[in-house]
Amino acid sequence: MSSELKKTNLNSVNDLRQATDDQLGQVMQQFGYEESFALIDIKLGLGVATVVIAGLLFLVDKKFTFKESYNITVISIVLYGFCSGLLYLLNFLNKNVKYTGYNKKGRKVTIATWTANKFDPIYHISVTFGDRKQRVVTSFEFTKFFDVIGFFNRDKFIELLGNEFEKVDKKSL
Amino acid sequence: MNLRQQITQFLTLAYVFSSAFVAWKTLGIVTNSHSPIVVVLSGSMEPAFQRGDILFLWNRDKQQKVGDIVVYEIEGKSIPIVHRVLREHHNSEKQLLLTKGDNNAVDDLSLYAKKQSYLNRKEDLIGTVKGYLPFIGYITILISENIYFKYGLLGLVGLSSVFFE
């Protein structure tokens with residue numbers, strides 16, 4: 001697949017995390033989960049809304065004087081503040097959430113990932129399974145699923161993640 | 001490369017501009033002034049303000065007092081002027097002002113528009129000076145008046161984006 005043929009800069013922890021995050025959708029497909037874009041789309045929608053408001057306000061600012069555009073400016077700023085506030089709240093409540101998905105039985109899975117800082121090449125991942133509140137929190141070194149050139153090894157990553165999932169399933173039984 | 005990734009990349013870039021612009025407009029609404037931060041361009045208020053000082057304005061005062069330093073704009077001239085209130089006349093509805101630069105020999109009558117012999121506080125004022133930072137604004141004077149500095153700075157910004165991520 002084409003996405004697997006992309007090289008990642010091994011010297012950038014940030015790039016490595018993003019490259020891995022991008023693979024989560026296909027990885028979780030292997031475990032029978034289908035990605036849900038609801039949260040991402042809401043966040044993108046709010047983001048686009050703030051930019052559109054700012055853009056329109058810029059046009060108004062060019063076209064009219066300060067006194068003429070006073071009221072519309074106040075309204076725009078309030079709307080902008082509301083959208084960014086909502087966006088901030090969503091990001092706060094879903095900190096680091098990179099993936100949401102459901103399997104055929106409707107079981108929800110949420111995955112949050114992060115790296116501690118840009119010098120720590122360790123991928124932290126927290127997987128929460130919906131209603132039963134099962135949670136896997138673990139971390140892998142990037143070297144375990146990136147080769148020396150910078151290609152992502154999906155099979156290896158699936159294997160690593162699968163091992164962790166099995167442990168949880170055993171515990172819950 | 002899917003659509004969501006493209007929108008995300010576009011937004012990261014757009015936020016830089018949109019948030020700065022909205023912050024500026026918010027400051028303008030709070031202070032009721034279309035440019036709440038100005039840079040002193042002339043030496044007419046020395047020794048109080050030098051060229052390059054940054055002034056913070058507030059335009060929600062009901063009335064000016066003699067001695068206040070105000071920034072005003074004359075119709076048809078786009079450059080704001082920072083001068084001190086020399087005389088004022090007011091009734092309950094409006095206030096008329098005469099201004100003068102501390103470093104100027106005469107008052108501002110000759111600077112006003114034709115047949116205008118006073119400033120109307122409500123119409124002409126951009127704000128009253130409430131605070132200042134010395135000298136920092138000089139960079140904008142350099143950029144607008146010195147072409148070598150302008151392109152030198154542009155070059156440096158370009159170079160820095162090559163060397164630093």
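Modeller: A polar contact is a pair of N or O atoms within 3.5 Å; within protein, one of them must be able to donate a hydrogen and the other to accept it. Please bear in mind that this is a predicted model.

Biologist: Which side chain makes a polar contact with the side chain of B:D108?

Modeller: The partner is the side chain of B:T99, at 2.6 Å. B:D108 itself sits in the loop between β5 (95–100) and β6 (119–120) of chain B.

Biologist: What is the nearest side chain of opposite charge to B:D108?

Modeller: That is B:K100, 7.7 Å away. B:D108 has no salt bridge, although the residue is buried.

Biologist: Which residues does B:D108 touch, apart from those up to four places away in sequence?

Modeller: B:D108 touches B:Y72, B:H83, B:T99, B:K100 and B:G101.

Biologist: Are A:D21 and A:R17 buried or exposed?

Modeller: Both A:D21 and A:R17 are buried. A:D21 counts as buried because its relative accessibility is 11%, and the cut-off for that class is under 20%.

Biologist: With which residue does A:D21 form a salt bridge at 3.3 Å?

Modeller: A:D21 forms that salt bridge with A:K98. A:D21 is in helix α1 and A:K98 in strand β2 (residues 97–103) of chain A, so the pair ties together parts that are 77 residues apart in sequence. A:K98 is partly exposed, with a relative accessible area of 27%.

Biologist: And in chain B, which residue forms a salt bridge with B:D61?

Modeller: It is B:K130, with the closest N and O atoms 3.3 Å apart. This pair links distant parts of the chain, 69 residues apart: B:D61 is in the loop between β2 (54–58) and β3 (69–72), and B:K130 in strand β7 (residues 125–133). Returning to chain A, salt bridges that share partners join A:R17, A:D21 and A:K98 into one network.

Biologist: Where is A:L24, and what does A:L24 contact?

Modeller: A:L24 is in helix α1 (residues 13–30) of chain A, and counts as buried because its relative accessibility is 0%. Beyond its neighbours within four places in sequence, its contacts include A:K98, A:Y99, A:I111 and A:F157.

Biologist: Now the interface. What area is buried between chain A and chain B?

Modeller: About 1900 Å² is buried, and carbon and sulfur atoms give 71% of this area. A:L44, A:V51 and A:F66 supply 30% of the area that chain A buries against chain B, more than any other three residues. The contact takes 21 residues from chain A and 22 residues from chain B.

Biologist: How many salt bridges are there between chain A and chain B?

Modeller: There are two. In one of them, the side chains of A:D41 and B:R4 meet at 2.7 Å, N to O. The largest share of the side of chain A that touches chain B comes from α2(A), with 11 residues.

Biologist: What does UniProt list as "transmembrane region" in chain A?

Modeller: The unreviewed UniProt entry lists residues 37–60 and 72–90. In the model, residues 37–60 are 96% helix, with end C-alpha atoms 34 Å apart. Residues 72–90 are 100% helix, with end C-alpha atoms 27 Å apart.

Note on methods: Residues numbered from 1 in each chain as written. Chains lettered and ligands numbered in written order. Predicted model: local features only at pLDDT ≥ 70, side-chain atom pairs only at ≥ 80, totals over all residues. Heavy atoms only, no water. Helix = DSSP H or I, 4+ residues; strand = E, 2+ residues; numbered from the N terminus. Buried < 20%, exposed > 50% of the residue type's maximum accessible area, 1.4 Å probe, protein only. Lys, Arg positive; Asp, Glu negative; His and termini not counted. Salt bridge = Lys/Arg side-chain N within 4 Å of Asp/Glu carboxyl O. Contact = heavy atoms within 4.5 Å. UniProt positions renumbered as here; feature names shortened; annotations may be inferred. Buried area = accessible area lost by both parts, 1.4 Å probe.
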